[in-house]
Amino acid sequence: MALAGSILPSVKPKLSAQHINMVYTRDGASVPVLSDVNLDVANGEFLCIVGPSGCGKSTLLSMIGGFLAPTGGEIRIDGQVVSGPDPRRIFVFQERGVFPWLTVEGNIEFGLFRLSREERRRRVAHYINMVGLIGFERAYPAELSGGMKQRLEVARALAVNPDMLLLDEPFGALDSITRLTMRSELLRIWEKERNTIIFVTHDIDEAVQMADRVAVMSGRPARIQETVVIDIPHPRDISSARYLELRNGILEQLGLAHQI
Amino acid sequence: MRPKELNLRVRIRPIAFIAILLVLWQIATVRSRTHLLPGPWETVGGVADLVREGVLLKYVTASLFRVTWGFVLAAVLAIPAGLTIGWYPRLEMALNPLIQILRPISPLAWIPIAILWFGVGDLAAIFLIFLSCFLPLLLTAINAVHRVPAMYVNAGRNFGLSPVNLVFRVLYPAVLPQLITGLRITLGVAWIVVVAAEMIAVNSGLGFLIVDARNAGNRYDLVVAGMVLIGVIGLLLDQTMRTLERAKSMRWGYSED
Amino acid sequence: MKAQTMHTLERFALPLLAMVLMLALWEYSIRWTGTKVFPSPMAVEHGLGELLRKGLLWAYIADSLRRVALGFGAAVLAGIPAGLALGWYPAVNQVVNPALQMLRPISPIAWIPVAILLFGVGDATAVFLIFLSAFFPIVVGGVSGVANVPAIFRRAGRNFGLSGPQLLARVVFPAALPQLITGLRLALGIAWVVVVAAEMIAVDSGLGYLIIDARNSGKRYDLVVAAMLIIGLIGLAMDVCFRRLQAIPSVRWGFRSES
């Protein structure tokens, strides 16, 4: 039986995390956060990781991004062990990751310092257009709304054409209406760019609405309980029977009631 | 390496650094042409001299006495005034330019006036310290009122608090952490000013010691001893205020983001 | 529109009113106490005129400003790199900080006799004292600026492949700038206060010297007060300049609640 988290054995995974363990030591006591996590992600896939608060999904994402080293196991991307942050895998935080001292343009071209001026200008214009911030090129983040700042951060990430985007509850600080818009925005962008996306969220609806697969994590010490393949084509009807079936399945996995 | 050992090594380093500085100081003194500037050892001797002559305690007390009076007087007047001014925007609009002009005038520039009004002596020094503390404390209080989140005031009103209660149960606890920080910083200023005031306007105290030791015999070892003492006491004052700061705000909890 | 014009009117009328009241109070208390020595507002105004005519005023102002420029400039050149370095390398900070904390409370004024010993009476002493007093706030501003850079920004910088020096220049420095500027503003204020003190004691030109001299040679309190007012106004101008600086968009984000 294939381990929960692995995909079709014939497809070589973009990312492969094997037997990941993470133990925090604090004042002499050791707190296991992740325990034997195994996860494969295919190239161009949109994967969501869901789990209860504090279960370690952000920790896992940080490890994938190379900001944290696991206490056990290894993560390989394109066959190479992850040993540090890399522009090929850009992390997207909640909108507070945007640099307040740079304009919209300045932020987007932040990672492009190795390119020619021509190329930089082209890319900045392209991504400002793509995320819908035309007209705000010279604006500073303080003048933008939460949703706009989030889009700016996505544009900044995309501008360097990364292989992978790692998003850690990026829409958490937005109101629910903006969140809905942002979800379809992100999907629209993904369909054009086809990067591999790993998206961490505690919102199950969000996961089922967007992802190709959803990895469900358990509580601490966390492991991947189950991966659910979302086989509904986009655009997804969130009141369809199949959607509700999948969603309720995950809720049950997490031990949550779906009737309030 | 066991944690305890590591800790010791790490703690030694700053002490070692200071020791190196002292050695450099000693070398500089020995090699200097004038032979007037004292080295660390002579300074210690200077402190010992002061203690023996019974002068040390007297001068330190004098300086502290003036600081206390000037500082407390300023606090008692400036804080309520500042809170009021911060509360009423019209009042602030009217007085702000005046405050902004008076603020950069060094308290020392007031020295001739202080001597004119109070003669040479304690009162003049206290007046100067009062002046140097008043405006900064006023501004601290005004600023502190501004930073009280409107939420708190509205909640107070919502629960039907009378204006007096509003002040004591909402405003005062809300501004306290910032006031204490302001008091600490202003105390530092007061300590600096007392030294200057004593150099010019009085006949006792650590500031006076410094000029006197030089004028009456080029006793630079006493001068530097005085400087060291000033530094040490200043540091102690600051640390005391910081513990106060921590005690209060730990219980209260800063609402800074 | 009416509410706005009322508001603008208030902004100018109220302070004007307050100042006029102050001046009236001042003038009246002079008359009432019958003091012969303390100057009335009119006397101060005449005193100012006299200084301007004699041409001394500009020379003294230039002297004071020059000393501040030199001392403050030196403190900036030494203090900013020092502050940034100490903030960036906490290990170094841990070693150096206690020494700094001990030197800091020694009032620059207490350094005066030593300064005179080392540099004699004159410009160098004043500049040295100003340098000493401005240095520490700048360093503190730099250290806390760097320390308060949110970890997210550093992470993002590393994520985009910035090397150490690049990270420092393109992320840490802009992020630390607001607090650095606050430190600079504080330092300039202190420098302006110290120059007056230094000029009173250790040099023979400048606004501080004017105050002492005017009193000593003839009890010219009108000139004393005139000089005080000028000191205040110049200090105010410096502060206004800093406020302008703080409004520049690429640092304005760091000053959310300024009064």
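In this predicted model, 48 residues of chain B are in contact with 48 residues of chain C, where two residues are in contact if their C-beta atoms, placed from the backbone, lie within 7 Å. The elements giving two or more residues to the side of chain B that touches chain C include helix H1 (3–31), helix H4 (89–102), helix H5 (111–118) and helix H10 (220–252) of chain B. H4(B) gives the most to that side, with 10 residues. The residues of the side of chain B that touches chain C divide into 34 nonpolar, 8 polar and 6 charged. Here Ala, Val, Leu, Ile, Met, Phe, Trp, Tyr, Cys and Pro count as nonpolar, Asp, Glu, Lys and Arg as charged, and the others, Gly among them, as polar. Helices (H or I, at least four residues) and strands (E, at least two) are DSSP runs, numbered from the N terminus.

Residues are numbered from 1 along each chain as its sequence is written, and chains are lettered from A and ligands numbered from 1 in the order in which they are written. Because the model is predicted, local features need pLDDT of at least 70 and side-chain atom pairs count only at pLDDT 80 or more, while totals for chains, interfaces and linings use all residues.

|---|---|---|

Helix H2 (residues 40–52) of chain B has 13 residues and reaches 19 Å from its first C-alpha to its last, close to the 18 Å expected at 1.5 Å a residue; the expected span is 1.5 Å times one less than the number of residues.

On chain C, C:Pro113 lies in helix H5 (residues 112–119). C:Pro113 counts as buried because it has 23 C-beta neighbours inside 10 Å. Leaving aside neighbours within four places in sequence, C:Pro113 is in contact with B:Ile210, B:Val211, B:Arg214 and B:Val223.

Chain A has 7 helices and 10 strands. Its radius of gyration is 19 Å, close to the 18 Å that the globule rule gives for 260 residues, so chain A is as compact as a globular protein of that length. This radius is taken over C-alpha atoms, and the rule is 2.2 Å times the number of residues to the power 0.38. Buried residues make up 44% of the 260 residues in chain A.

In chain A, 9 bridges join strand S1 (residues 15–26) to strand S2 (residues 29–41), which run antiparallel; two strands pair if DSSP finds at least two bridges between them. S1(A) and S2(A) form a hairpin with 2 residues between them, and A:Asp27 in the turn has a positive phi of about 50°.

How values were computed: A residue is buried if 20 or more other C-beta atoms lie within 10 Å of its own, exposed if 12 or fewer, and partly exposed in between; C-beta atoms are placed from the backbone.
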